[in-house]
Amino acid sequence: MLDKNRLRIAMQKSGRLSDDSRELLARCGIKINLQEQRLIAFAENMDIDILRVRDDDIPGLVMDGVVDLGIIGENVLEEELLSRRAQGDDPRYFTLRRLDFGGCRLSLATPLDFDYQGPESLDSKRIATSYPHILKKYFDSKRIDFKSCLLNGSVEVAPRAGLSDAICDLVSTGATLEANGLKEDEVIYRSKACLIQRDGEMPAAKQALIDKLLIRIQGVIQARE
Ligand code: PRT
Ligand code: ZN
């Protein structure tokens, strides 16, 4: 078992957030020896352990109190929050800080020949997405019906493959949509990476370390602005 007296931080192991997360922690002065295959890395100079996992697991690890802090995209966090609420849970966590990386938007997109006049154009249409709960919240707020098609990858090929009429997927440059003959019609959620903390009592020494880290993160981000 991990030492409960050490601060546990979960970050993405490999993917779009991992380099920036690693760099942020390094700039905060945390010396970590990240060996590629290791799930857990121990800081050499502070009472901190780093857990390196799939990004999708990070919100749950924080909400379940398994780790103290997590660095995660707001899109994944919001989807997990809505999913747990839909199951009748009341998940708790605090957002400590929005970070300055991982920026993207969750957008509705349709084939170039689809006549999009607003979200009502998608009434009763099938929409492929990896974010069914965020999508449902959006359409519920507009009182529009839709059919969903859950895909955890290759969402952008769904219309061409005849699986859906539209998609709801993450976009940053728009190149993926363009390459797949799709156009971005509507942004439904804007996301950045954020630092979250578990709910519940925190031992004083750990809280002091969190406070120190937050001040350093503030400094790192300000210096980059
Ligand atoms: O393996 P693991 O589960 O940890 O990683 P993953 O493959 O699920 O996620 P990953 O590493 O792709 O993304 C992690 C997080 O980065 C996301 O949850 C977002 O918060 C953030 N992010 C920022 C993005 C993008 N930008 C992004 N462009 N995540 C995904 N994309 C994808 C998008 O899904 C689409 O396929 O990039 C493509 C679009 O990019 P453009 O530039 O062509 O528009
Ligand atoms: Zn993932």
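1. A residue is called buried here if 20 or more other C-beta atoms lie within 10 Å of its own, exposed if 12 or fewer do, and partly exposed in between, with C-beta atoms placed from the backbone. Isoleucine 9 is buried because 27 other C-beta atoms lie within 10 Å; across the protein, 32% of the 225 residues count as buried.

2. On provenance, this is a predicted model, in which local features need pLDDT of at least 70 and side-chain atom pairs count only at pLDDT 80 or more, while totals for chains, interfaces and linings use all residues. Residues are numbered from 1 along each chain as its sequence is written, and chains are lettered from A and ligands numbered from 1 in the order in which they are written.

3. The secondary structure comes to six helices and 11 strands, these being DSSP runs numbered from the N terminus (helices H or I, at least four residues; strands E, at least two). Taken along the principal axes, the C-alpha atoms fill a box of roughly 60 × 35 × 35 Å.

4. An automatic or database domain assignment supplies the domain bounds, and the protein is divided into domain 1 (7-102 + 193-224) and domain 2 (104-191). Their C-alpha centres lie 29 Å apart. Nine residues of domain 1 are in contact with nine residues of domain 2, a contact being a pair of residues whose C-beta atoms, placed from the backbone, lie within 7 Å. On the side of domain 1 that touches domain 2, the largest share, seven residues, comes from helix 3.

5. Isoleucine 9 has its place in strand 1 (residues 7-12). Leaving aside neighbours within four places in sequence, its contacts are Ile48, Ile50, Leu51, Val67, Asp68 and Leu69. A nonpolar core is a set of buried Ala, Val, Leu, Ile, Met, Phe, Trp, Tyr and Cys residues joined through C-beta atoms within 7 Å. In the largest such core, of 26 residues, Ile9, Ala10, Val62, Ile72 and Ile196 touch the most other members. Strand 1 gives the most to this core, with four residues. Apart from it lies another core, of 18 residues, among them Leu106, Ile127, Phe139 and Leu182.

6. Strand pairing, which requires that DSSP find at least two bridges between two strands, can be followed from strand 6 (residues 104-111). Strand 6 pairs with strand 10 (residues 182-191) in the antiparallel sense over eight bridges, and threonine 110 stands opposite lysine 183 in strand 10. Strand 6 also pairs with strand 9 in the antiparallel sense, over five bridges, where alanine 109 has isoleucine 167 as its bridge partner.

7. Which residues are closest to ligand 1? Of the 21 residues that surround it, the closest are Gly15, Gly73, Cys104, Thr173 and Thr176, where a residue is near a molecule if its C-beta atom, placed from the backbone, lies within 6 Å of it. Helix 3 (74-86), strand 9 (166-171) and helix 5 (175-179) are the elements that give two or more residues to this shell, and strand 9 provides the largest share, three residues. Domain 1 and domain 2 each contribute at least three residues to the shell.

8. By composition, the shell around ligand 1 divides into six nonpolar, 10 polar and five charged residues. In this scheme Ala, Val, Leu, Ile, Met, Phe, Trp, Tyr, Cys and Pro count as nonpolar, Asp, Glu, Lys and Arg as charged, and the others, Gly among them, as polar.

Methods. Contact = placed C-beta atoms within 7 Å.
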